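The following paragraphs go through one protein model, from its overall layout to its ligand surroundings. Please keep the sequence and the 3D view at hand while reading.

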Amino acid sequence: MSEAVTRIQVGGTEGSHPYEVLVGRQLLGELGGLIGAQAKRVAVIHPEALAETGDALRADLAEQGYEAVAIQVPNAEEAKTAEVAAYCWKALGQSGFTRTDVVVGVGGGASTDLAGFVAATWLRGVRWIAVPTTVLAMVDAAVGGKTGINTAEGKNLVGSFHPPAGVLCDLAALDSLPVNDYVSGLAEVIKAGFIADPAILDLIESDPQAARTPAGPHTAELIVRSIKVKAEVVSSDLKEAGRREILNYGHTLGHAIEKNERYKWRHGAAVSVGMHFAAELGRLAGRLDDATADRHRSILEAVGLPLHYRHDQWPKLVENMKIDKKSRGDLLRFIVLDGLARPTVLEGPDPAVLLAAYGEVGE
Ligand SMILES: NC(=O)c1ccc[n+]([C@@H]2O[C@H](COP(=O)([O-])OP(=O)(O)OC[C@H]3O[C@@H](n4cnc5c(N)ncnc54)[C@H](O)[C@@H]3O)[C@@H](O)[C@H]2O)c1
Ligand SMILES: O=C(O)C(=O)C[C@@H](O)[C@H](O)[C@H](O)COP(=O)(O)O
Ligand SMILES: [Zn+2]
């Protein structure tokens with residue numbers, strides 16, 4: 001695929017504004033147009049790891065005439081807390097941020113989830129733009145308007161649906177991403193492959209080692225295909241009334257592991273174990289054929305994602321899963337596959353079947 005800019009349309013339903021996800025290089029020139037003429041102030045929320053990028057962006061926006069502030073937040077999940085959100089609200093208040101001003105969230109999914117949440121809650125909602133700098137944030141977190149923070153009780157338990165005004169995926173940002181963070185993003189790319197676009201799986205399987213780096217031959221195509229999957233789903237069901245739940249494939253157990261690890265595991269790693277579990281659950285529930293279930297293990301392992309988690313933690317994981325957003329009352333609900341690219345909901349599976357599926361995952 002050529003490196004020209006690809007534009008993917010999202011939304012425009014349920015009263016939300018349509019917006020574009022741009023994928024390419026040197027896209028920051030697009031930022032001014034997205035911020036718009038009404039804004040006087042812009043807040044650039046960025047993680048410590050991107051201090052230089054955040055400051056360069058602030059300086060650039062100041063040169064364009066905006067009152068620009070950079071708000072530095074901790075790296076990774078440490079940013080997704082009520083305390084850090086309060087720190088950002090304070091910075092907005094001190095800069096006199098009004099309803100016509102704009103938040104720019106730069107960084108990985110943790111930073112864009114936080115920035116979107118701050119934008120959703122400040123003055124009950126101001127415009128925001130996502131500038132994702134990890135694979136995971138480009139293909140998933142920055143698209144679709146789910147914003148939020150974690151609490152001690154669970155992952156993303158506080159948040160809001162607040163779509164961005166635009167998403168700028170500059171592929172050059174991926175060059176500085178540590179390999180483990182890059183590979184973590186592949187879990188969501190593989191998820192998109194299993195739930196909707198198996199061509200993604202073929203591209204990765206053609207050279208799994210190359211898929212682990214931004215220099216791989218299919219990087220742009222993998223990112224664009226995954227964004228298209230997400231864009232199509234969220235455009236049809238922004239607030240997760242039904243179909244959007246398929247994007248949660250692998251997340252029921254994945255989020256339970258993240259909480260159990262006090263959010264020190266990478267999201268993609270936990271989702272990888274969670275997808276392995278969901279595949280085994282689908283197989284044991286008589287839904288999923290052996291070949292597709294086995295394909296989960298082979299592709300996740302081939303790119304270096306984990307398949308296993310501690311067997312002795314099962315009782316705690318079951319407790320954690322009860323507060324999953326897909327649960328209804330005491331009913332646990334999982335996304336499983338009826339076959340390749342045929343996601344469906346499995347409601348209230350027999351606890352013995354759940355334990356048997358975990359028997360394949362636990363070590
Ligand atoms: N809102 C959604 O729909 C959605 C979807 C998927 C995931 N998520 C959330 O996304 C988060 C995971 O996102 P992630 O995998 O991007 O991790 P992350 O945001 O934790 O980023 C990983 C690390 O890389 C650093 N980093 C980011 N970009 C960099 C770059 N270009 N160069 C060097 N370092 C860089 C970050 O500061 C962090 O330390 C989780 O909190 C997850 O819940 C949200
Ligand atoms: O966008 C969605 O919907 C998803 O489920 C995408 C997931 O990859 C993402 O991790 C999301 O944040 C999970 O949402 P949650 O509602 O289960 O917290
Ligand atoms: Zn996810």
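Which domains does the domain assignment of the protein give? The assignment gives domain 1, covering 6–176, and domain 2, made up of 179–213 + 215–361. The model is predicted, and what follows should be read with that in mind.

Begin with the chain as a whole. The secondary structure of the protein comes to 14 helices and 11 strands. Along its principal axes, the C-alpha trace spans about 60 × 45 × 35 Å. The radius of gyration is 20 Å, which agrees with a compact globule, because such a globule of 363 residues would have a value near 21 Å. Of the 363 residues, 51% count as buried. Contacts between residues at least 6 apart in sequence were also sorted by separation, and 73% of them join residues at least 24 apart.

Domain 1 puts 30 residues into the contact and domain 2 puts in 29 residues. On the side of domain 1 that touches domain 2, at least two residues come from each of β1 (6–10), β2 (19–24), α5 (135–141) and β8 (154–161). Helix α5 gives the largest share of this side, with five residues. By class, the side of domain 1 that touches domain 2 holds 13 nonpolar, 12 polar and five charged residues.

The ligands come next. Ligand 1 is surrounded by 31 residues, the closest being Asn75, Ala76, Gly108, Gly109 and Thr134. At least three residues of this shell are drawn from each of domain 1 and domain 2. Helices α4 (109–121), α5, α6 (179–195) and α11 (267–284) each supply at least two residues of the shell around ligand 1. Its residues divide into 10 nonpolar, 14 polar and seven charged.

Which residues lie around ligand 2? They are Asp140, Gly144, Lys146, Lys155, Asn156, Glu188, Glu240, Arg244, Leu247, Asn248, His251 and Lys325.

An unreviewed UniProt entry places the feature "binding site" at Gly109, Ala110, Ser111, Thr112, Asp113, Thr133, Thr134, Lys146 and Lys155.

Thr112 is located in helix α4. Is Thr112 buried or exposed? Thr112 is buried, because 32 other C-beta atoms lie within 10 Å and the cut-off for a buried residue is 20 or more. Leaving out residues up to four places away in sequence, Thr112 touches Gly105, Gly107, Ala130, Pro132, Ala137, Ala141 and Ala142.

Lys146 belongs to strand β7, which runs over residues 146–151. Lys146 has 23 C-beta neighbours inside 10 Å and therefore counts as buried. With residues up to four places away in sequence again left out, Lys146 touches Gly159 and Phe161.

Notes:
Residues are numbered from 1 along each chain as its sequence is written. Chains are lettered from A and ligands numbered from 1 in the order in which they are written. This is a predicted model: local features need pLDDT of at least 70, side-chain atom pairs count only at pLDDT 80 or more; totals for chains, interfaces and linings use all residues. Domain bounds come from an automatic or database domain assignment. Two residues are in contact if their C-beta atoms, placed from the backbone, lie within 7 Å. Helices (H or I, at least four residues) and strands (E, at least two) are DSSP runs, numbered from the N terminus. Ala, Val, Leu, Ile, Met, Phe, Trp, Tyr, Cys and Pro count as nonpolar, Asp, Glu, Lys and Arg as charged, and the others, Gly among them, as polar. A residue is near a molecule or strand if its C-beta atom, placed from the backbone, lies within 6 Å of it. UniProt positions are given in the numbering used here, feature names are shortened, and annotations may be inferred rather than shown by experiment. A residue is buried if 20 or more other C-beta atoms lie within 10 Å of its own, exposed if 12 or fewer, and partly exposed in between; C-beta atoms are placed from the backbone. The radius of gyration is taken over C-alpha atoms; the globule rule is 2.2 Å times the number of residues to the power 0.38.
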